[in-house]
Amino acid sequence: MDTNIRRLLKEIGAEDLIEVFAPCMDDYLYIIDLQKNTLIISQAAVKRFKMPGNSFDNAADSVRYFVYEEDRPMIREHLQRIADGNEKNHNLHYRWLDKEGMPVWINCRGKVINDNDGKPHYLIGCVNEIGNIQWADNVSGLLGEREMHSFVSSHIKDSSSVFLIHIGIDGFNAINGTLGVDYGNYVLKSVADGIKECLSDNQQLYHLVADEYMIVDLESHTRDDVMLLQKEICKKIEDFIISEKYKVVFTVSTGIIHATKLLKYYDEYRKIAVFSLKQAKSMGGNGVYFFEKEDYKLFLKKEKIKSALRGAVTNEFEGFEVYYQPIIDCSSGNIIGAEALMRFSMYSGGKKESIPPVEFIPLLEETGLIIPAGRFVLNEAAAMCHEMRQYIPGFKVNVNISYIQMMKSDIWKDILSSIEQYNLPPESLCAELTESGYTDMTPYFYTLRKKFEEKKIQFILDDFGTGFSNLHCIVNMNPNYVKLDNHFTAKAMSQTRDFELLKKIVELVHSVDIKICIEGIEKEEWYQKLKEIHADYLQGYLFGRPCDKNQFLNQFICKGIN
């Protein structure tokens with residue numbers, strides 16, 4: 001056998017021999033001449049992996065181009081053992097790099113062919129991707145994503161209308177967890193069978209991953225057509241649940257793409273399909289979502305901001321700033337402190353873009369980056385407070401504390417650390433907590449509130465009036481003071497009825513010996529009206545807009561106030 005192979009290689013040549021057989025298979029064929037230390041591989045591998053070409057004069061060194069760095073020493077060692085005659089077969093799982101430099105798991109197999117003297121001459125074998133998308137799924141009995149991609153590619157440009165209908169079973173993990181994997185597989189097969197019963201010859205069903213399916217619909221022409229199909233599928237699933245005597249109860253969510261209108265997005269249609277199903281599932285189960293470009297643009301922008309936030313946090317918080325807005329004593333008009341406000345900018349298209357807090361702060365909370373970013377704000381605020389107290393001895397800085405920070409970090413330790421670093425009295429760094437996030441009075445909040453009291457850290461209830469405000473709530477929370485939401489203030493200043501309500505709120509808060517700060521003060525006459533009803537503190541554009549530390553010092557120290 002070895003003699004015949006050597007003769008064939010001599011007569012045809014390694015590269016020609018590979019190209020004869022390569023079109024007949026999905027694997028990538030290769031031949032290494034161990035004595036000449038050369039490598040030849042199928043030309044198809046060059047299109048898939050990070051290879052400068054399909055032939056290499058130095059086989060051992062070629063691994064630096066396309067083998068994942070962590071796996072290179074293992075491959076070099078194994079090839080050397082083969083060349084030395086210590087290994088007769090090659091069968092390893094490791095990672096190659098694709099065109100984008102991302103690692104791809106492969107299985108590389110091969111057989112050693114000896115020369116006439118019994119020394120290793122060739123290593124001949126094939127490479128196949130073991131982490132690749134499947135052609136078919138035995139559980140559901142359906143073809144898989146690779147076949148679907150081929151079908152879509154051949155039909156999308158020839159059809160006047162193509163809908164991609166991405167279906168996912170809601171809460172499928174619970175089925176596996178309670179009834180077992182075998183029953184879960186039975187559900188997957190039954191759902192696939194039920195969907196197929198609803199389809200015509202122009203509607204093809206494929207299995208993607210786990211509990212997800214895709215219908216390539218060449219039959220439907222309108223959204224109404226698709227919705228009729230979706231309802232029919234849901235009816236089949238309901239029939240299955242009833243036939244099982246409600247042993248299992250579940251719904252499906254559906255993301256729908258009118259693919260013909262998305263030709264310029266075609267290379268990313270799979271990403272769009274994942275996005276559409278996620279949007280459908282976000283509706284709480286049994287959701288249906290028709291893809292809209294504007295929604296996807298918003299999603300991509302959020303992901304871009306998330307990426308920029310991660311980069312900023314790991315790069316010494318570059319892009320983050322802390323702005324300060326003054327807090328005024330209502331009776332005297334003197335500045336007593338400031339609220340520290342997080343700001344963030346990123347570069348987009350070569351230009352610096354400021355991201356509104358309403359956009360980036362929820363993303364910080366979603367990713368957990370609010371914890372390190374919050375520490376950055378605390379330290380900046382403490383440094384600013386230390387500087388301001390040289391001019392205004394009792395100056396205090398309020399720092400907003402996220403519900404995520406309370407739940408997932410020892411925020412009181414972070415506050416104490418900042419206080420100690422700048423040798424501040426504990427009451428000078430105040431924690432603002434949003435009322436709507438804390439009215440559930442969880443054990444976490446009770447523990448935090450107790451720590452604040454022990455360490456003499458002041459606690460302020462922010463956005464009072466936007467959640468479930470009542471006397472019982474603030475008595476239990478026992479804040480040092482509450483801050484009335486600026487939207488409520490604006491209404492109270494323009495409508496007599498709402499102003500009367502504002503007066504009652506001030507009286508209510510004072511009745512339990514708690515002070516109140518009114519936010520959103522924009523006009524002098526507002527200020528005078530709030531003096532009359534004995535508000536304690538005020539905050540708003542009338543006294544100063546949020547600005548950086550240097551601007552704040554220039555406005556309130558160099559120029560002074562009152």
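Predicted model: local features only at pLDDT ≥ 70, side-chain atom pairs only at ≥ 80, totals over all residues.
With which residue does Asp 61 form a salt bridge, and how far apart are the closest N and O atoms? The partner is Arg 64, and the closest N and O atoms are 2.7 Å apart. A salt bridge here is a side-chain nitrogen of Lys or Arg within 4 Å of a carboxyl oxygen of Asp or Glu.

Residues are numbered from 1 along each chain as its sequence is written, and side-chain values use heavy atoms, with hydrogens and water left out.

Let me stay with the salt bridges. The structure holds 26 of them. Asp 61 and Arg 64 both belong to helix 4, residues 59–66, and stand three residues apart, about one turn of the helix. Helices (H or I, at least four residues) and strands (E, at least two) are DSSP runs, numbered from the N terminus. Asp 61 is partly exposed at 29% relative accessible area, and Arg 64 is partly exposed at 41%. On this scale, buried means under 20% relative accessible area, exposed means over 50%, and partly exposed lies in between, with a 1.4 Å probe and protein chains only.

A second pair is Glu 366 with Lys 306, at 2.5 Å from N to O. Glu 366 lies in helix 12 and Lys 306 in helix 11, residues 293–314, so this pair ties together parts that are 60 residues apart in sequence. Glu 366 is exposed, at 54%, whereas Lys 306 is buried, at 10%.

Glu 339 brings us to the largest pocket, as Glu 339 is among the lining residues nearest its centre, with Leu 341, Ile 361, Asn 400 and Asp 462. The space in this pocket is about 1100 Å³, and 35 residues line it. On a 1 Å grid over the protein atoms alone, a pocket is an open set of points with protein on both sides within 12 Å along at least five of seven lines; a cavity is a set where a 1.4 Å probe fits but cannot get out, and lining residues have an atom within 4 Å of a point. A volume is the space filled by probe spheres set on the points, which are joined across faces, edges and corners. Elements that each supply at least two lining residues include strand 15 (335–348), helix 12 (357–367) and helix 19 (486–494). The lining comprises 15 nonpolar, 12 polar and eight charged residues. Here Ala, Val, Leu, Ile, Met, Phe, Trp, Tyr, Cys and Pro count as nonpolar, Asp, Glu, Lys and Arg as charged, and the others, Gly among them, as polar.

Of its 16 lining residues, Ile 32, Leu 39, Phe 66, Tyr 94 and Trp 96 lie nearest the centre. Helix 4, which also holds Asp 61 and Arg 64, gives the most to this lining, with four residues. The lining of the largest cavity divides into 14 nonpolar, two polar and no charged residues.
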